Amino acid sequence: MYVYQDYDQRLLEERVAQYRDQTRRYLAGQLSEDEFLVLRLQNGLYIQRYAPMLRISVPYGLLSSEQVRTLAKVVREYDKGFCHVSTRQNIQLNWPEVQDVPDILAELASVQMHAIQTSGNCIRNITTDEYAGVNPKEIEDPRPWCEIIRQWATFNPEFAYLPRKFKIAVNAVPDADPALIGVHDIGVKVIHNDAGETGFQVWAGGGLGRTPMTGQVIGEFVPWQHLLAYLEAILRVYNKYGNRDNKFKARIKILVKALGAEKYRELTEAEFAELKDGPMTLTEEEVARIQGCFTEPAYRDDVDNGVLDKALQENRAFNRWYHTNTRAHKRDGYRSVTLTLKKTGRIPGDVSDEQLEAIADLADRYSFGELRNTHQQNMVLSDVAADDLFELWEKLDALGMATPNLGLLTDIVACPGGDLCALANAKSVPVAEGIQRRFDDMDYVHDLGPLDINISGCMNACGHHHIGHIGILGVDKKGKEFYQITLGGRGDKLSRIGEKMGPSFESYEVTDVIEKIINVYVDKRLENEPFIDTYERIGMEPFKEHVYG
Amino acid sequence: MGKMILDGEIVDNGWQRFEPGELEEDGQSLPENQPVIVPLAYWQAHRDTLLEREAVGVCLEPGEEPADLAADLPHLPLVAIHFPAFKDGRGYSYARELRTRYRFTGEVRAVGDVLQDQLFYMHRVGFNAFEVRADRDIHEALENGLRPFSVTYQGDVHDPRPIYRRRQELEQA
């Protein structure tokens, strides 16, 4: 994990003081609503349906057990004992008071946490593969590059008032897109050239929201030394020419589309030519220093795989969980374990203060004191020895975080929706629950295999509905909640936007519609063919016919 | 005469600024012996006469880039950048370009919706003069707005080195 220096810490403390003063001036009437709105948003504070929502930054999803304990304390003291893992790997509090936020930030700063740029029209949290650093398929650990970008983006004076929000993700896995770089404002793909040197394929202009589209390659191979100069060039073009008249046309994707990738590249290259080889050039020393923060933990050489094999044979429930919720690791004898926060009846991604404390203890005991948030609203213990897995599973089961549904139909991604969010057109949580209740036979859910269902309560697409194999979008029709279904979206091997199936449904119909879609799949699938492959083979028509016929 | 911040101090604002269209509509002529800031279009239309005056600055609106003024910069003591709303951030890139691309050493002045909470960023990208909005406390803006942070990660127009090229200095601070 990145180790804060004195000056990193000082920056956070100065930020708390600055925000405290801004809050004081707002409460004293010295800042207008509109002025404070922009300032508080840059600090992740939204005013929501019932209360403010504070989004806490979790850079590339990585947390220490100490940070998780502090989160638990904050959640208990300032909220209602729950927080929410977001699809951008952040943590959200749903019930803080405006006047308490400076104190919350001070508490968070004591463990190197903050809410800097978690909202507003600025560069947001940098995200990556939740299995970064331990994923056997990655070509190198993307996290040092995320941290380098994070520092450049933090309080960047030129890019604090962009036309619209700006999201950057980094991926280092060839032939897959675990960080969804295809649907980010900028996607950075770590690649190696023939000489084995690190560089980046830089994408721009992807995004979900109202006008979903995948990004285009702007930089084919940006040598590592020039990463920040290249990003700065892309951002400067956007800051100058992005649409500022219409909020719905203000994302970089609209500009890239309007200019065309070729023109955008030309403008970027012109800016880049000026910055290249200048002071922004990254130094070997700096990259090595940051990489030095992400070294391997002290893995054991004496892991006893026999313990695991025996448990797998003897305990069917454990066996199922092992195959569903743990995954291969770079290091022999280790697995990455995903804690599913998707128990039926609970808001997807919600976690309580007590659970947080228990998770922190488990991280200390089994995974070198570190945790990750996933963009699918789960949490990960990334480095668990095979002979600890059974013991860990028993403890997770007792905590309600061993539901063996990772990547399956009931592992639903959903935004908080109309129950909490002021932007939402419709509720999303009850829709998720309805589906989870209908598909309550775990054997059947396993038989159906990998299936991503994503639910967003509005076009802003916080639930990433466009990239769900089945996407559900809440829409408002004359004051009534309706749901539009998309099929064929992907956020796995690649990022792809789903296709609309047809007219939308009332909330009571949604679960039946999902069941009909599943029935078509079961009827048409070839042996061992996942839902998405069947869909791509047979297309939309059979699903449409059965649902609307 | 209003007050403004110039190079870290509160001073009288000796310049009179005209909004786009204002001079043309009123058909008025520029005041004699008075430093003036004129819109880009007016400058372009009356460049030769204006060059005879003692003190003329040009104000860029969002959408008007330093490139539109590049050839004239050596003749100008002042370029103003207008922020119709503080959240329109184009002016930050303009100021930076004035300083780093065109090496403009004259006054770069922020005008319009200029508020305490943006001064730090504005200063880092190259503004050295600020017409803080008249309804706000300019003393408080100067005191708390210009230096809320002692640490910066990026380089800026004052020191182009990012943190990884000046870490030793910071660690000793």
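**Figure 1. A:Tyr334 and the strand pair S12-S15 of chain A.** In this predicted model, A:Tyr334 has A:Ala385 of S15(A) standing opposite. The two strands concerned are strand S12, residues 334-339, and strand S15, residues 379-385, of chain A; their directions are antiparallel and five bridges join them. In general, strands of a sheet pair through backbone hydrogen bonds, in either the parallel or the antiparallel sense.

**Figure 2. The antiparallel sheet of chain A that contains S12 and S15.** This open sheet has five strands, ordered S3-S14-S15-S12-S11 in chain A, and its pairing is antiparallel. At the edges stand strand S3 (62-64) and strand S11 (326-328) of chain A; each has a single partner strand, so one side of each is left without a neighbour in the sheet. On average, and with direction ignored, neighbouring strands of this sheet are turned by 35° against each other. Helix H13 of chain A, residues 389-399, packs on the sheet and touches S11, S12 and S15 of chain A. The direction of H13 makes about 5° with that of S12(A).

Figure 3. A:Asn171 has A:Lys189 in S8(A) as its bridge partner.

**Figure 4. Two loop residues of chain A with positive phi.** A:Asp175 is located in the loop between S7 and S8 of chain A. Although A:Asp175 is not a glycine, its phi is positive, at about 60°. A:Asp175 counts as exposed because it has 7 C-beta neighbours inside 10 Å, the cut-off for this class being 12 or fewer. A:Asn528 lies in the loop between helix H16 (507-524) and helix H17 (531-538) of chain A. The phi of A:Asn528 is near 60°, a positive value in a residue other than glycine. With 7 C-beta neighbours inside 10 Å, A:Asn528 counts as exposed.

**Figure 5. B:Asn33 in a loop of chain B.** B:Asn33 is placed in the loop between helix H1 (22-26) and strand S4 (36-39) of chain B. B:Asn33 has 7 C-beta neighbours inside 10 Å and therefore counts as exposed. Along the chain, B:Asn33 and B:Glu54 are 21 residues apart, and their C-alpha atoms are separated by 7.6 Å.

**Figure 6. The largest nonpolar core.** The largest nonpolar core has 199 residues, and those with the most contacts inside it are A:Ile234 and B:Phe130. Helix H6 of chain A, residues 227-241, provides the largest share of this core, ten residues. Leaving aside neighbours within four places in sequence, the residues in contact with B:Phe130 are B:Met4, B:Ile5, B:Ala110, B:Val114, B:Leu119 and B:Met122.

**Figure 7. The contact between chain A and chain B.** Chain A gives 32 residues to this contact, and chain B gives 32 residues. On the side of chain A that touches chain B, the elements giving two or more residues are helix H1 (6-27), helix H2 (33-41), helix H5 (143-153) and H6 of chain A. H1(A) gives the largest share of that side, eight residues. By class, the residues of chain A on this side are twelve nonpolar, nine polar and eleven charged.

**Figure 8. Chain A as the setting of the close-up views.** The secondary structure of chain A consists of 18 helices and 23 strands. With a radius of gyration of 23 Å, close to the 24 Å given by the globule rule for 549 residues, chain A is as compact as a globular protein of that length. Along the principal axes, its C-alpha atoms fill a box of roughly 60 × 60 × 55 Å. Of the 549 residues in chain A, 56% are buried. Among the contacts in chain A between residues at least 6 apart in sequence, 67% join residues at least 24 apart.

Note on methods: Residues numbered from 1 in each chain as written. Chains lettered and ligands numbered in written order. Predicted model: local features only at pLDDT ≥ 70, side-chain atom pairs only at ≥ 80, totals over all residues. Core = buried A, V, L, I, M, F, W, Y, C linked by C-beta atoms within 7 Å. Buried ≥ 20, exposed ≤ 12 C-beta atoms within 10 Å, placed from the backbone. Helix = DSSP H or I, 4+ residues; strand = E, 2+ residues; numbered from the N terminus. Contact = placed C-beta atoms within 7 Å. Nonpolar A, V, L, I, M, F, W, Y, C, P; charged D, E, K, R; others polar. Rg over C-alpha atoms; globule rule 2.2 N^0.38 Å. Pairing = 2+ DSSP bridges. Axes fitted to C-alpha atoms, helices over the stretch in contact; angles between N-to-C directions.
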